[in-house]
Amino acid sequence: MAAEVIYGDQLALSLRQEMKEEVTALKEKGIVPKLVVVLIGDDPASKSYVSGKQKAADFIGINSELITLVDTTSEQALLDLIEQLNNDESVNGILVQLPLPDQINEQAIIEAISPEKDVDGFHPISIGRMLTQQDTFLPCTPFGILTMLQSKNIEIAGKHAVIVGRSNIVGKPVGQLLLNEHATVSYCHSRTKDLKAMTKQADILIAAVGREEMIDASFIKPGAVVIDVGVNRTEAGTLTGDVDFESAKAVASYITPVPKGVGPMTITMLMKNTIKAAKNHHT
Ligand code: GUN
């Protein structure tokens, strides 16, 4: 039997509608959530992500401001801007779009953002709070994945989750979130000896490597839940995931597509974090 497809775009839309109502209610209390997105340079992929964020914010009624800086911006100039935004009472969330140009130390920038405004959930304090299961901003892609699983009532506790990819933004934190939900978690990466032997054991398989359709049906245990985080541009210019969707769909129980899968959920959770930041600021 073919897998059920989990459409992130549909779930994202319904969550954004709920958030729109919540923001309307907050505005009646004088609370207007505000997100500032900082984009450095003119990388087309970054620009496209940023415009998706602006659109979502507009739809929900979140006040969003885009600050665009030239790609020769110095680290100090960016640190100064972040300090100014940290001190600006009207700003609830700060997002600096990654990757950054070579002259800027990414970690220094992440650590400069006030943890109270860290809607990306990348600050070491946010990560530490996630690890110790305290209230915090969860990183948006892992949070979106968890929300997708929960939307289908997919059991996580006791399941074997296998993560392919170990980035700070996706692989590591998604494993941690699933561990917090009582999964048994394995991480695979480029040095893993026998990838297929690992992925074949997964009840929940998360593909987050950035290699076009590298996971086909032969990597998947029948009935597994397959979450595709990859966003790869093909030679033909279309987007494709890390999973060979058609072959995987025939063996999985649930699968996420690319596009219209995890991507829209990432942006939606950023909006959720921004609303949370605004509420935190007023309590
Ligand atoms: N670049 C790619 N994904 C992300 C993200 O989730 N947040 C930021 N700040 N930059 C990114």
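## A first look at the fold

Among contacts between residues at least 6 apart in sequence, 69% link residues at least 24 apart in the chain. Keep in mind as you explore that this is a predicted model.

The chain's secondary structure consists of 10 helices and 11 strands. Its radius of gyration is 19 Å, close to the 19 Å that the globule rule gives for 283 residues, so the chain is as compact as a globular protein of that length. Along the principal axes, the C-alpha atoms fill a box of roughly 50 × 40 × 40 Å. As for burial, 42% of the 283 residues count as buried.

## An open sheet and its helix

Let's turn to a sheet. Three strands form an open sheet with parallel pairing, in the order β3-β2-β4. Strands β3 (63-69) and β4 (93-96) are at the edges and have a single partner strand each, so one side of each is left without a neighbour in the sheet. On average, neighbouring strands here are turned by 15 degrees against each other, direction ignored.

Strand β2 covers residues 34-40 and pairs with β4 in the parallel sense over 4 bridges. Within this pairing, V37 stands opposite L95 in β4. Helix α2, residues 44-60, lies across β2 and β3 and runs at about 165 degrees to β2.

Helix α2 also holds F59. Leaving aside residues up to four places away in sequence, F59 touches R16 and K20. R16 is 43 residues away from F59 along the chain, yet their C-alpha atoms are separated by 7.7 Å.

## Around the ligand

Which residues surround the ligand? They are L95, V96, Q97, L98, D120, C140, I169 and T266. This shell divides into 5 nonpolar, 2 polar and 1 charged residues. L95 is the residue of β4 that stands opposite V37.

## A helix with buried residues

Helix α7 spans residues 171-180, and its buried residues are G171, P173, V174, G175, L177 and L178. What covers them includes the helices α5 (124-131) and α6 (140-151), together with the strands β5 (160-164), β6 (184-188) and β7 (204-207). Just after α7 comes H182, with a positive phi of about 75 degrees.

## A strand covered on both faces

Strand β8, residues 225-228, is covered on both faces. V225 and I227 are buried on one side, and V226 and D228 are buried on the other. β8 runs parallel to β7, with 4 bridges between the two. It also runs parallel to strand β11 (residues 254-255), to which 2 bridges join it.

| Strand pair | Bridges | A facing pair of residues |
|---|---|---|
| β2 and β4 | 4 bridges | V37 and L95 |
| β7 and β8 | 4 bridges | A207 and D228 |
| β8 and β11 | 2 bridges | V225 and Y254 |

D228, the bridge partner of A207, is also one of the buried residues of β8. V225 is likewise buried, and its bridge partner is Y254 in β11.

Technical notes:
Residues numbered from 1 in each chain as written. Predicted model: local features only at pLDDT ≥ 70, side-chain atom pairs only at ≥ 80, totals over all residues. Rg over C-alpha atoms; globule rule 2.2 N^0.38 Å. Buried ≥ 20, exposed ≤ 12 C-beta atoms within 10 Å, placed from the backbone. Contact = placed C-beta atoms within 7 Å. Near = placed C-beta within 6 Å. Nonpolar A, V, L, I, M, F, W, Y, C, P; charged D, E, K, R; others polar. Pairing = 2+ DSSP bridges. Axes fitted to C-alpha atoms, helices over the stretch in contact; angles between N-to-C directions.
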